Amino acid sequence: DLCYFPPYSHPFSSSPLFRTTAHPLTHNLAPPPVPSHLFFLASLLLFAPPPILAVPSPPLLLNITSTSNTAATLSWSQPADNGGKPLTAYTIYAASPSPLFYASASSALPSSLLVSQLDVLHTLLSAIQQAEAGGEEEGPDVDDIFASISPTLFLPVWSGGESERSAVVSSLVANTNMTFFITASNDEGEGARSKLVWTVTPPSVPSALPPPTVGEVFFVDDTMKMPVYWDATDPLVAGGLPLIEYEVQIDEGFSADEYFPNRDQRGPFHTVGVTSEMYIELSEGHASYIIEVRHAKNQKGRHLASTPLLQFV
């Protein structure tokens, strides 16, 4: 409260004096007004809608850093936008215009679907290559071609955590065109694909065959013969190149312990063409034969192609 005192005689002043009285429990002074911009900020905090959450944007800078006949190494950078939530995983998808890729992946895709879509995958690969040659990340028709491909043809071949920035995709097929893309995921779901990248796995020497098998012994005139069979039909063992020939080694009358230490000096080699059988003429007095499809050959070279078979006659 303000109390007014009238002027009084003072040797040094002729001004009136004021005295203030404080009331500890009540006062009549109004609080200062709150600026309008503070009301605006408070309303934003109290009444603003929650942030819109979404799936991540595509991972960036997908690149193939190295390729072998059975694997490819890919690297990438994190998406520009995580969708408002932490990333949880990356997934790499792969497709190929070669049916061998789907056979090696044990995919249950219908053969009719593969036949109808392999030409489209060839077209997609050509479009990506043309776009790269023209200096663009992707050509204008790549997305349209991609949209016409059945999503089941792109198989998930690798998945890893959000901290990963590279991966090795294995179990590929030699001498095969491969196309890859990668996606990022958060708790809202899986985001859109990255750009498409491609590579060609190099060819290799043939891989190992299972042991040969034998059929029943039969006679031609007075000569005993025994058929020997091996699997020459599986193209996955050929290293991505046509097979040229097999070398079959036959050793008579030895046990396995006698054969293996010096097998390079044992028995004759029989060079046969691209076939899956041959007939052994059996000699009298021998009770055991060790048969080995010793080498399979293609243009890259030859490789030990089977486990020896110890056959008692």
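I started with Arg-193, which counts as buried at 16% relative accessibility (buried is under 20% relative accessible area, exposed over 50%, partly exposed in between, with a 1.4 Å probe and protein chains only). I'm working on a predicted model, where local features need pLDDT of at least 70, side-chain atom pairs count only at pLDDT 80 or more, and totals for chains, interfaces and linings use all residues. Numbering runs from 1 along each chain as its sequence is written, and side-chain values use heavy atoms, with hydrogens and water left out.

What does Arg-193 form a salt bridge with? I found Asp-143, with the closest N and O atoms 2.3 Å apart (a salt bridge is a side-chain nitrogen of Lys or Arg within 4 Å of a carboxyl oxygen of Asp or Glu). Arg-193 sits in the loop between strand 9 (189-190) and strand 10 (197-200), while Asp-143 is in helix 4 (residues 142-147), so I noted a link between distant parts of the chain, 50 residues apart (helices are DSSP runs of H or I, at least four residues, and strands are runs of E, at least two, numbered from the N terminus). Asp-143 is partly exposed, at 45% relative accessible area.

**Other salt bridges.** My search of the whole structure gave four salt bridges. One of them pairs Lys-297 with Glu-245, closest N and O atoms 3.1 Å apart. Lys-297 is in strand 17 (residues 288-298) and Glu-245 in strand 14 (residues 245-252), so this pair ties together parts 52 residues apart in sequence. I get Lys-297 as partly exposed at 24%, and Glu-245 as buried at 18%.

Glu-247 is buried at 10%; Arg-302 is partly exposed at 45%.

**Helix 3.** I checked the length of helix 3 (residues 111-133): its 23 residues should span 33 Å at 1.5 Å a residue, and the end C-alpha atoms are 33 Å apart, which agrees (expected span is 1.5 Å times one less than the number of residues).

Where does helix 3 bend? I put the bend at Gln-117, by about 35 degrees (the angle between axes fitted to the seven residues ending there and the seven starting there). Gln-117 is also among the buried residues of helix 3, which include Leu-113, Leu-121 and Ile-128. I see the buried residues packing against strand 5 (87-95), helix 2 (99-104), helix 4, strand 8 (177-186) and strand 10 (contact means heavy atoms within 4.5 Å).
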